[in-house]
Amino acid sequence: MSVISQSDFQRKRARRKWMGRAFYGLCLLSVAIALGMLAVLLVYLFIQGITGISWSFLTSFASRHPDQAGIKAAILGSIYVVMVAGVTSFVLGVATALYLEEYAARSKFARIAKINIANLAGVPSIVYGILGLQIFVHSMHLGKSVLAGGFTLGLLVLPIVIVASGEAVRAVPPSLREAAYGLGATRWQVIWHMVIPQAFPGILTGVILAVSRAIGETAPLIAMGALTFVPFTPDSPLSRFTVLPIQIFNWTSRPQEGFQEAAAAGIIVLLVILLVMNAGAVILRNKFQNKSGG
Amino acid sequence: MAKNPVGPPLGQGARNAWKRMATERAIAALLFLSTFLSVLITIGIVAVLLFEAITFFADVSVFEFLSGTRWTPLFSSKQFGVLALVAGTTLTAVMAMVVALPLGLLSAVYLSEYAPNGVRKVVKPILEVLAGIPTVVYGYFALLFVTPILRSISGDISVFNALSASIVMGIMILPMVSSLSEDAMRAVPRTLREGAYALGSTKLEVSTLVVVPAALSGIVSAFILAVSRAIGETMIVTIAAGQNPTFTLNPFVPIETMTAYIVQVSQGDAPAGSIEFKTIFAVALLLFVITLVMNLLSQFVVSRFREEYE
């Protein structure tokens, strides 16, 4: 065992301190790069797209001429598809979360179902598109319709709703349930009158997050067979459709600069929609936290 | 029915109780059915993929599929070597991780160990915005912003290339690495850090020799999940990396990933039942199996190797 001298120790300590500062700088740099990329991305898209945004852009159909192209069909298609997806994932997600949390928390089936849900969340989205193509479009004869697209995205975002609802339901204090049981309420009465109202903001936050994921999805709908050129608005659940991300993808892959500008303008619209939805989710969450805290 | 000021007559009470019980049972059954449906999705995915893939493998041997390096199902002389697509997927996923892992891990160390609470509360959600941006937007950014910059640096780089797509994909999955790693690091108890500080460690030493090793299972699992996400990512590589299945590790030339191939066939008009159509099921099956194995591995790492501190 050797004893290090005083000067040796001081030299080493200075080096360790210097390395510590360098490491701190490296960590800061990493965060700065990540935030910087986000800033560059947003500024670049804004510059590219802002000139393309106009009233006629929002209210025109797709066109072969870039300066006449608009996103009317894409926006309406997105809204319809996402509404179907939202309702599908809400109903199935809340029902599943209630079953797993309130009815079968410790059963073997519940354990399998929970592992399954974790894995579903990791399945590539394009695989859901193929599932939708075979089940909804072909087997159920829905065609490449709004309904088929909405169901496909509904299944895709289902794990998000299940996990968020499960957390919200678990956060409801047991004392509330016990009080209701004590008054003679049945299990469903407890859930309907006590658990769901308490958990609702959390559930709604989950649904908003799920819908904002669904609204940006492109690949599964392409795999399912959504159109890329739609000069009409979908007029029924069985009508064919396109969505905003597919329209953006289509314009991006064209060589003409005019279409690329239209794509950037479409991206701005998409990001604004996402921003509004996420802001809604944040406001809801804060309200929820304040309520349960006080 | 006689009026009863106190309560319902006995007969009606029993009927109500029976009705309530029937409702309870029906609701429990409905909720169970919904849960069962979520399990059915996985079964449905496997069944749908297997069904068409089996007929595909009746025409093309599994060995040829898994060992061939030329993928030309859309040409007249068809070859079905999926390794050309696997190479594209591997190349983009690995390079994306080269970007996402160091940046994500260092960001996580910063947020967990260095950042004051106020800064963390602001920076973390902003970082997570990166994960919420639709992938088609990243695709646009890669093709029209990053690629031109790369091409101005080196003339060898094609318009469609794996490098640009990978860099942008790395940025996209960075918040996933940083968020999950940070959660794991923050779960490391203070006492461990304080013990190391008491022995005279610097913050660097505490972070890299105590906190990171203690949180390693969470970090590794985050890393595996991020790789799985990169493998399944579709739009960035479809838009920016090209549609040329090439068995290469050269990041400067056009390639094609498994996911981009599925999009390519879906966009065309391969008739149902044709061999071109069936290829997407074989490719999707392979993709599904790879990502499933990685997701299970990630869960296994957390449950098997987690350090428990009480």
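This is a predicted model: local features need pLDDT of at least 70, side-chain atom pairs count only at pLDDT 80 or more; totals for chains, interfaces and linings use all residues.

Colleague: What makes up the secondary structure of chain B, then?

Modeller: By that rule chain B has 12 helices and 0 strands. Read from the N terminus, its elements go α-α-α-α-α-α-α-α-α-α-α-α.

Colleague: Why is chain B called more spread out than a compact globule?

Modeller: For 310 residues the globule rule gives 19 Å, and the radius of gyration of chain B is 27 Å, well over that, so chain B counts as more spread out. Along the principal axes, its C-alpha trace spans about 95 × 70 × 35 Å.

Colleague: And what share of the residues in chain B is buried?

Modeller: A residue needs 20 or more other C-beta atoms within 10 Å of its own to be called buried. In chain B, 47% of the 310 residues are buried.

Colleague: What share of the contacts in chain B joins residues at least 24 apart?

Modeller: Taking contacts between residues at least 6 apart in sequence, 72% join residues at least 24 apart.

Colleague: Over to chain A: how do you know that its two domains touch?

Modeller: Chain A is split into domain 1 (6-52) and domain 2 (57-293). Contact means C-beta atoms within 7 Å, and 7 residues of domain 1 of chain A are in contact with 7 residues of domain 2 of chain A. On the domain 1 side of chain A, the residues touching domain 2 are 3 nonpolar, 4 polar and no charged. The C-alpha centres of the two domains of chain A are 36 Å apart.

Notes: Residues are numbered from 1 along each chain as its sequence is written. Chains are lettered from A and ligands numbered from 1 in the order in which they are written. Domain bounds come from an automatic or database domain assignment. Ala, Val, Leu, Ile, Met, Phe, Trp, Tyr, Cys and Pro count as nonpolar, Asp, Glu, Lys and Arg as charged, and the others, Gly among them, as polar. Helices (H or I, at least four residues) and strands (E, at least two) are DSSP runs, numbered from the N terminus. The radius of gyration is taken over C-alpha atoms; the globule rule is 2.2 Å times the number of residues to the power 0.38. A residue is buried if 20 or more other C-beta atoms lie within 10 Å of its own, exposed if 12 or fewer, and partly exposed in between; C-beta atoms are placed from the backbone.
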